[in-house]
Amino acid sequence: MDRFYQYLRHYTNHPLEENERNMLAEAFVLRRFRRKQYLLQEGDVCRHLSLITKGAMRQYSVDEKGVEHIVQFGIENWWMSDRESFELGSISKYNIDAWEDTEVLQIGYDDWWTLRNAIPAMRILTAEMDKRHSIAAQKRIHAAITLTAEERYLLMLQHQPAFVQRFPQNMIASYLGISPETLSRIRKQAFLRGD
């Protein structure tokens, strides 16, 4: 839990009382996932928010042709969940699985809302998470409809270089909405230019 306390302090700069630390420690559960093990499967309801403390995960859907469409990557200090399913109790259309052996701190819906209402730092964290998620989603949509494939790749290199180092090229291509062949060509051109 020390890692979570550091995370909370980083994003909220709000001190925790001893009883608040105890409440958090009782609500969060450490879970380990082996590579390729599911955190969530399509058709299930997302019942937890999961903060990655070690490892890497991906969130994706699979179309009727069996093609994966990656909507999110997660690495250390990133949250993984299907927020729509978690908040509304609806069936998820996504899979979330571990790309590396991964450890997460997990909290269920009722505990999340109890802590959010009881601990000021958790209210601040929730507002900060929602703000960051909204901004990131807006930027991702804007990039998808206005930037070329190459521009999207270079933007990802600039803002999320760890993704390129930790996920294979076919997953990066899926995340960018392009074919692996197109990504290979873009990478080659960027390398030749020295980008």
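Colleague: What is the volume of the largest pocket?

Modeller: The largest pocket has a volume of about 1500 Å³, a volume being the space filled by probe spheres set on grid points joined across faces, edges and corners. This is a predicted model, in which local features need pLDDT of at least 70 and side-chain atom pairs pLDDT 80 or more, while totals for chains, interfaces and linings use all residues. Residues are numbered from 1 along each chain as its sequence is written, and side-chain values use heavy atoms, without hydrogens and water.

Colleague: Which residues lie nearest the centre of the largest pocket, and how many line it?

Modeller: Its lining has 42 residues, and Trp 78, Arg 132, His 133, Ala 136 and Ala 137 lie nearest its centre. Helix 5 (120-146) is among the elements that each supply at least two lining residues, and its 13 residues are the largest share.

Colleague: Why are helix 1 and helix 2 called oblique to each other?

Modeller: The axes of helix 1 (residues 2-12) and helix 2 (residues 18-27) cross at roughly 120 degrees and come within 11 Å. Angles under 35 degrees count as roughly parallel, over 145 as roughly antiparallel, 65 to 115 as roughly perpendicular and the rest as oblique, and the two helices are therefore oblique.

Colleague: What makes up the contact of helix 1 with helix 2, by class?

Modeller: From helix 1, Phe 4, Tyr 5, Leu 8 and Arg 9 meet Arg 21, Leu 24 and Ala 25 of helix 2, contact meaning heavy atoms within 4.5 Å. By class, that contact has five nonpolar, no polar and two charged residues.

How values were computed. Axes fitted to C-alpha atoms, helices over the stretch in contact; angles between N-to-C directions. Helix = DSSP H or I, 4+ residues; strand = E, 2+ residues; numbered from the N terminus. Nonpolar A, V, L, I, M, F, W, Y, C, P; charged D, E, K, R; others polar. 1 Å grid on protein atoms, 1.4 Å probe; cavity = no way out; pocket = protein on both sides within 12 Å on 5 of 7 lines; lining within 4 Å.
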